[in-house]
Amino acid sequence: MPESVVVDVNVNGVAYQREIEPRLLLVEFLREEIGLTGTHIGCDTSYCGACTVTLNGRLVKSCTCLAVQADGGEVCTVEGLEQNGELHPLQEAFSEHHGLQCGYCTPGMLMASKSLLEENPSPSREEIRKGIAGNLCRCTGYVNIIKAIDAAAVKMQGV
Amino acid sequence: MRNLPAQNANTPGQATSKVGAELQHEAATLHVSGAARYIDDIPVPASCLHGAVGMSTIASGRIKRLDLSRVRQSPGVQAVLTLQDIPGHRDIGPVFPGDPLLLDEGGVVQFHGQALFAVAADTVTEARQAARLAEVEYENTESNLDIRHGLQEEQLVRPSHTQSRGNAKAAIEASPRRLHGEFSSGGQEHMYLEGQVSLCIPTEDNGMMVYSSTQHPSEGQKLVAEVLGIPLHRVTVEVRRMGGGFGGKETHANQWACLAALLAWKAGCAIKLRLGRVDDFVGTGKRHPFHTEFTVGFDDSGLIQGVEMDLAGGCGYSPDLSDAIVDRAMFHADNAYYLPAARITGHRVKTNAVSNTAFRGFGGPQGMLATEAMIERIARAVGEDSLTVRQRNFYSAEDGRDSTHYGQKIEQHIIPSLVERLVGTSDYWGRRAEIQEYNRQSPVLKRGLALTPAKFGISFTVQHLNQAGALIHIYTDGSIQLNHGGTEMGQGLYTKVAQVVAHAFQVDIERIACTATRTDKVPNTSPTAASSGSDLNGMAALDAAEIIKKRLVDFAGNHFGAEPGDVCFIDNQVHVGQERYSFAEFIQLAYMNRISLSATGYYRTPEIHYNRDTASGRPFFYFANGAAVAEVLIDTLTGEYRMIRADICQDVGESLNPAIDIGQIEGGFIQGAGWLTTEELVWGEDGRLQTNSAASYKIPAIGDTPGDFRVELLPDSPNREATIFHSKAVGEPPLMLGIAVWSALGDAVASLSDYRESAQLNAPATPEQVFMACRSMRERN
Ligand code: FES
Ligand code: FES
């Protein structure tokens with residue numbers, strides 16, 4: 001049994017301290033240790049993006065990141081997008097514009113698009129395509145995902 | 001109940017949630033907030049253990065020794081399950097036997113990755129590590145992965161079947177021109193983003209509660225009961241949603257549910273079994289690869305006179321659903337074309353691969369693709385644009401060119417006008433001229449264009465599956481709970497069926513809650529497959545709604561002395577003559593007067609039949625039609641390419657929800673394009689799948705989709721058959737529109753011969769294949 005370590009991770013503004021095995025992945029930490037199951041496991045190997053979260057403001061694939069790497073850091077997951085009971089404009093746009101079918105890729109897509117809009121608040125369609133190039137969707141053919149991100153960007157610019 | 005719930009002083013507004021409205025997915029809010037629960041997200045009992053499966057490391061041979069002592073001693077292991085432990089059935093073949101659940105010493109391994117044993121441990125990692133520790137000695141035997149070789153050796157999982165009309169051989173010989181060709185298409189991994197997963201919890205009565213990511217809960221229930229040796233009524237299977245299915249969870253969810261149930265029974269506690277992605281790739285079936293040989297006779301205009309075609313599907317090691325899948329390939333070997341004389345034979349070839357299974361289109365795409373490849377070659381041979389040759393060969397009401405090679409009459413000729421419309425909206429001919437000009441000027445980069453149609457038969461070809469059930473409860477606050485046998489995998493089925501029920505009662509969709517598909521709510525259901533979800537379950541739900549409505553109308557008659565015609569459901573209200581009641585108010589009144597507010601509904605598709613002995617009948621209730629134009633740009637020196645533009649027109653009848661239908665079309669087209677371009681399955685000589693993860697198996701990413709993508713639903717085209725509100729199925733048909741992309745790639749390659757020759761391009765047309773096709777075209781020209 002590998003020695004356990006203590007980590008302090010702030011997730012969506014809440015501080016968590018847990019004693020974990022050093023090999024525990026960040027995605028396992030989120031899902032099993034603190035019960036946030038909105039972050040999904042798709043491919044296990046950093047290719048699909050279903051597990052995308054931000055760590056200290058940067059996008060990471062939490063299936064390919066150890067929980068100990070997040071020690072002392074701040075993680076944001078899909079559960080942290082909603083503020084004071086209000087959906088984030090991206091969340092609204094993904095529902096309204098049919099940016100999801102089975103929904104399994106959706107949390108990762110939302111995190112990737114949030115990070116895209118933070119860097120580039122009014123991206124062109126081409127920039128949107130580049131921005132979510134690391135996230136796979138098997139259902140939608142991506143068209144409505146692009147529409148949703150575009151609509152959210154417009155809305156967020158407006159306010 | 002003593003006290004009825006308070007009614008909201010509900011100011012009735014117009015009910016907007018009706019059939020035809022572009023409502024968002026019923027669980028959209030749950031999805032975007034991360035609250036939607038998939039199987040792996042369900043909170044588990046504290047004692048829950050995790051399962052993993054030990055798999056074979058050879059493709060063919062006998063197990064001489066299977067020593068699991070290291071597995072048992074591995075840290076965290078609580079239970080090990082072997083073949084000998086299984087109290088009931090040991091074979092889970094869904095239609096025919098041939099799928100052993102596990103193997104033991106003396107057992108025969110038939111593919112690389114076959115399940116030998118299962119293990120339960122405290123954590124997922126411990127279970128997976130233990131599963132790798134078995135010591136196995138094999139006696140290897142020769143394995144075969146080649147369809148042609150298997151066919152030569154007559155290694156078949158099921159007998160071949162032939163459909164024929166007239167004397168095809170004679171018709172071909174009498175034709176002015178003849179062509180003989182071969183074509184092969186590769187398989188396809190489903191790559192549902194949520195992998196196979198099942199959670200089993202033993203119940204107090206020695207039964208099992210099973211949560212399974214499955215398209216076919218009733219079959220899961222039956223098989224779990226059979227392997228446990230208990231009656232079906234002790235097993236309940238539930239699935240609220242899947243993270244994608246695409247056919248890959250029609251029969252291939254069963255094995256993992258059965259193993260989890262057996263482990264739970266053996267360990268006496270809850271078990272979750274979630275396959276890691278590599279195990280999922282290796283251990284579950286895929287789309288069938290096909291090898292096709294054809295001889296076709298035609299005239300100088302490219303009009304087909306006769307066809308002989310042998311379609312050989314690579315089934316893997318067992319029958320699974322291959323009989324019906326190869327049948328469907330045969331049923332679609334005509335695609336949209338009249339074959340005056342035809343002999344179509346389908347072979348079910350056994351190979352040492354995982355048993356191939358349902359995948360969106362269910363063999364239809366493979367049959368259609370072979371025919372489209374044939375049409376391409378005919379067009380080059382007669383020196384015409386392939387579109388022209390396609391149009392010439394369409395079914396039509398004239399000259400008796402309106403029946404299929406299996407005897408079904410084409411009642412409605414939608415394709416010719418749909419294609420004409422798409423030719424216009426996509427500016428096919430204008431772009432054709434422009435592309436030819438571009439290609440003349442551009443020595444290295446070449447553009448390609450193609451239009452392909454798809455006519456897809458709707459119904460299960462296995463007749464008894466064409467039935468469905470639904471269950472509706474109305475509660476005393478006027479809220480409605482809806483359940484049916486169909487499963488939700490992202491296709492929007494729950495949303496559409498809820499719209500049907502909202503429409504029936506003329507109430508808002510918010511009043512309706514869709515509940516998880518469960519075998520104890522609606523029993524004996526069919527798989528959610530064959531694009532039949534809303535056709536079947538929509539009708540069953542409508543039936544249940546109509547039963548309750550009739551009770552309510554009769555009640556109004558008795559209670560108020562109203563004539564049935566005086567009672568109507570409108571805008572969240574019930575009108576009885578001049579009186580208006582809010583829906584909830586009326587429901588409470590009915591309850592107080594002891595009217596049953598719950599009903600089951602049932603539907604079976606009328607008129608369909610197919611006689612296998614005569615290979616004829618009317619297997620399909622109707623056809624869904626569509627066409628796509630794709631434009632690509634290829635680099636003839638590297639084989640790299642891009643899809644530039646796609647235009648689609650799809651006939652969905654009177655759409656239940658146009659937004660959902662368009663989403664299905666976009667997603668289906670891209671998935672079809674993936675099958676024919678980047679998605680390549682490669683097996684090693686040892687029978688091991690080399691492309692066993694998303695790292696090496698490439699499904700379309702956003703950059704692989706066309707920047708310019710236009711989708712239209714064919715307007716004013718209600719289904720003439722009495723389907724649910726005259727809509728048409730949309731799940732599978734658009735996948736076959738992806739064939740346009742493959743054809744466009746061939747067209748770009750053919751430009752190297754000034755369109756005199758057709759490209760030697762099998763599927764998938766990976767960049768490597770396109771490069772080779774360009775090179776061989778250059779060598780010959
Ligand atoms: S699960 Fe992390 S990228 Fe796929
Ligand atoms: S919606 Fe299913 S994977 Fe994206």
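The exercises below, each followed by a worked solution, concern a predicted model.

In this predicted model local features need pLDDT of at least 70 and side-chain atom pairs count only at pLDDT 80 or more, while totals for chains, interfaces and linings use all residues. Residues are numbered from 1 along each chain as its sequence is written, and chains are lettered from A, with ligands numbered from 1, in the order in which they are written.

**Exercise 1. Describe the overall build of chain B.**

Solution. Begin with secondary structure: chain B has 19 helices and 29 strands, where helices (H or I, at least four residues) and strands (E, at least two) are DSSP runs numbered from the N terminus. Next, take the extent, for which the C-alpha atoms of chain B fill a box of roughly 90 × 75 × 50 Å along the principal axes. Finally, 61% of the 781 residues of chain B count as buried; a residue is buried if 20 or more other C-beta atoms, placed from the backbone, lie within 10 Å of its own, exposed if 12 or fewer, and partly exposed in between.

**Exercise 2. Which strands pair with strand E12 (residues 271-274) of chain B, and how do its residues point?**

Solution. Two strands pair if DSSP finds at least two bridges between them. Strand E1 (residues 49-55) of chain B runs parallel to E12(B) and is joined to it by three bridges, whereas strand E9 (residues 197-202) of chain B runs antiparallel to E12(B), with four bridges. Leu273(B) is the bridge partner of Gly51(B) and also that of Ser198(B). In a regular strand the side chains alternate between the two faces of the sheet. In E12(B), Ile271(B) and Leu273(B) point one way and Lys272(B) and Arg274(B) the other, and all are buried.

**Exercise 3. Locate the backbone features at Asn56(A), Ala615(B) and Pro764(B).**

Solution. Most residues other than glycine have a negative phi, and most peptide bonds are trans. Asn56(A), which is not a glycine, has a positive phi of about 50 degrees; this residue is in the loop between strand E3 (52-55) and strand E4 (58-61) of chain A, and counts as exposed because it has 12 C-beta neighbours inside 10 Å. Ala615(B) has a positive phi near 50 degrees and is placed in the loop between strand E25 (609-611) and strand E26 (616-618) of chain B; with 18 C-beta neighbours inside 10 Å, Ala615(B) counts as partly exposed. Lastly, a cis peptide bond, with omega about 0 degrees, joins Ala763(B) and Pro764(B), and Pro764(B) is in the loop between helix H18 (739-750) and helix H19 (767-780) of chain B.
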